[in-house]
Each structure stands twice: as C-alpha cells, then as structure tokens.
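Here's a quick briefing to keep beside you while you look through the model. It starts with the surface, moves on to the overall build, and ends with a single residue.

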Amino acid sequence: ARALNLPERPAVQLNVAGEGSIDDLVTTISLSTDGVRRLSGQVTLKGNEDDERNFEVDLGGDLRPLLAEQYHEFFGEDAQLQATARQSSEGALELSNLDLSTDSLRLIGAAALDKDYAPVRLALTGFVEGNDGASVVLPINNGATQIEKAELRLRFNSNINDRLNATFDIENFETDGVAAASAQLNVEGELASVLGVERMLQADVGFRAQGVKFDEQAQQQAFGDTLDGRLRLDYRPSGELDLDDLDISGTGFTLKGALAIDGLENAFETDVDLVLTAQRLSQFSELIGTDIRGQAELGLKGAVDLGGVFDLDISGLTQDVGIGVEQLDTLLAGRTVLESSVVRDENGLRVPRFSVANAQIKATGAANLQTDNSQATFDAVLANSAQIDPRLSGPISFQGDAHQDAVGWSVDANL
C-alpha cells in the first residue's frame, strides 16, 4: 500500500492465477484491499498455427478505495476495461474493441501498430462529462484540473493515406490560475514514415479559448478573455520540434514567428524568432509592475534552454511610449527605434549592447547585472536639452558609468 501510495495504507492482496499453455492461457486477476475485492477479471491468451497470439482483456471494479477522494466522482463505483488484441508473428499489434469506461469517462476505439510500434491505424473517440452538468475533477495535476465536458476525436489510417485528424473540445475548464468557458484544439496533418521505421508528424494546429479568466487581475488585464492561435507543427523522430507560422492573438496584442526546439540531449534548446505587437501597452502595466502607455512592435531573436540560459537580440519600434516620468516621456515621444542584446549564462545576466534613437535622443550603452554588483555604461546625445530642463538650451551630450551595490545605484556622468 505504501509503494502504491494508497489512501490510509490498507492491507493489499493481489491474486493472479493462470491455467493452460502459453497458446491457450486464461489468467484470472483479483485485487483486494482490507479483504474487499476492488478489481477483478480475466486476461485470455490464445495462439494459432501462424504464430499469432490473440488477447482478450475484461477487467472491472470499484477503484475508489484505491484513489484519493477527489477522484471518486470521476471513476465512480464501476470502472470497466474491455479490449481485444492480436499480435502477429513479426510483432505487429492490433487493438480492437477498446472500451474504457468510468462514471465520467468513455473511451472507445481501435489502434494498430507495426512491428516497430509505429502507428498504422488510430480511431479513438472519448467523452468526459460530469454528473448533472456539474464539473468533475480529472485524475491529473494533483486534482487541480476540472472540466464540465470534453470530447476527443482522433483518426489516422496509413493504409489509405498519411492524413491525421484530431479535435478536442472542452467546456468550462479550470486549473491552477486560469479558467475558460470553452476551448477547442484542431490538428490536421500528416504522420509520415521516416526511413520506413519511425514516423514524423507535420500538422496545422489551431486553437481558441473563450471566456478566459485568470486568478491574477494583472494577467486578466494583459491577455484578455479570448485567445486565438494557429501554427505549423513539425515533429521529427529524433526529438526535434519546429513550430512555424506561429500566430497568437488576444485583446490588443499579437505574437507571431517561429520556435525550433531541440531534443532532450540538448536541454530542449530553443531557437526563437518572434514579433510581439501591442496596440495598448497600458494593458501590461500591472503585469510588469510599472505604469506604461503607447504602442510597440518588438522582435525577439536568439536561443533559450530549460536551464534558464539565453542569448537574445531585441529590436523594434515604439510609438509615444510613456512611463509616467515627464522628462523621460518627452524624450520617448513619437517614433523610437530600440536595439538590444540580452545574455544570461553561468556568469550572470548582462546586456552587451543597447541603443535608443528618435528625433529627441540617441543613446547607447551596455550593462552587467549581478546581485549587489552591477555595472553599466552609457553615451547619449539630446537634440534639445530644454526638453529635460527649461533652464538649458540646445543639444547636449553626456557619457557615464553606473554602479550598484548593496546600498543602491550610483551614477558618474560627464557632459
């Protein structure tokens, strides 16, 4: 019970009894806790003169005592699994008459895999629905995810063509930090053979979420209540994944571009090429923790990995950006061109270069950012110094250094 992490650690008894030869074997299975049978049934194996083996599975019972209480409604008092399978002499596997049911789930269908376990045919239909229209907790994510209703449909048959079709519809989805009244995912693509052994998936993916509600007001203000997206997915057997023609839109913003994700051996290093367009930067003010307004189109290009290492180039345009500081807002009025690079590695976070240019100011610089030990350099030219101090007039240039320690920042500038 401890190894299985069963609630209340009951006494567990598993009985497996078989009778017959390997080509004609009936196995009876029984699982009990505290002397009460919870799961029982039979697995039948029959061989034939062609060295094929046929399997039949028929198992069922009340699994609730084996599960955390939050999952009891999903499984109910009678969970059932029936399936028929056949394995050829070469090792190919054909699963038919699959029927998995609980109080909230019904999954039916069939599948066929070749001798290398690559899909040949897939036909699955699934439904999840709570009782009386109420939401049901799913047995995932430590019980933090619940839905009212869901439907899955998956179809693939390489004997006809390599086309794969999948749809997934959810109603009243809720998980940590976010909920949605409805969500849809559609996949249309090809599951093609690679060197006759492994399969490569290429697909167009579309998704839409409506009635989105975030727990955090800052996220709600930033992303809105509707998200739409589409992308081109290219997955290779080596583990690499390309997401091209990425186009995600929400209230007042779009994110477009591509991601190329490497395999596990390279820490899923990801090449990034994205463009974020925001019509109203003010909607992100609460999220980033500072007052901001205006419009922006920013490009992000470079590489990141799971370890938090990244090397990114940022470039773009802003229009009438303001952050609530009068002198600075004056300098950033109108059209501004931004260029920067940002690197994070084992040596910390640094900005090897940055530049800002518009009709009022041209500035460049660099920074090395570490806790209580940061340094920055800058060089700027103002077209009209009166914009920051009415006592001044004409153009002005200045250079300097900034240093940060445990006390704070100190700046040394020369005009």
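Predicted model: local features only at pLDDT ≥ 70, side-chain atom pairs only at ≥ 80, totals over all residues.

**Surface and charge**
- Counting side chains, you get 31 positive and 68 negative ones in the protein.
- The centres of those two charge sets sit 3 Å apart.
- As for burial, 33% of the 415 residues count as buried.

**Overall build**
- The protein is made up of four helices and 27 strands.
- Its radius of gyration is 30 Å, while a compact globule of 415 residues would come in near 22 Å.
- Take the contacts in the protein with a separation of 6 or more: 36% of them are between residues 24 or more positions apart.

**A look at Leu138**
- You'll find Leu138 in the loop between strand 9 (136-137) and strand 10 (146-147).
- Leu138 counts as buried because its relative accessibility is 14%, and the cut-off for buried is under 20%.
- Leaving out residues up to four places away in sequence, Leu138 touches Tyr71, Phe74, Val128, Gly143, Thr145, Gln146 and Ile147.
- One of those partners, Val128, is ten residues from Leu138 along the chain, and their C-alpha atoms are 9.3 Å apart.

Methods
Residues numbered from 1 in each chain as written. Heavy atoms only, no water. Helix = DSSP H or I, 4+ residues; strand = E, 2+ residues; numbered from the N terminus. Rg over C-alpha atoms; globule rule 2.2 N^0.38 Å. Buried < 20%, exposed > 50% of the residue type's maximum accessible area, 1.4 Å probe, protein only. Contact = heavy atoms within 4.5 Å. Lys, Arg positive; Asp, Glu negative; His and termini not counted. Charge placed at Lys NZ, Arg CZ, Asp CG, Glu CD.
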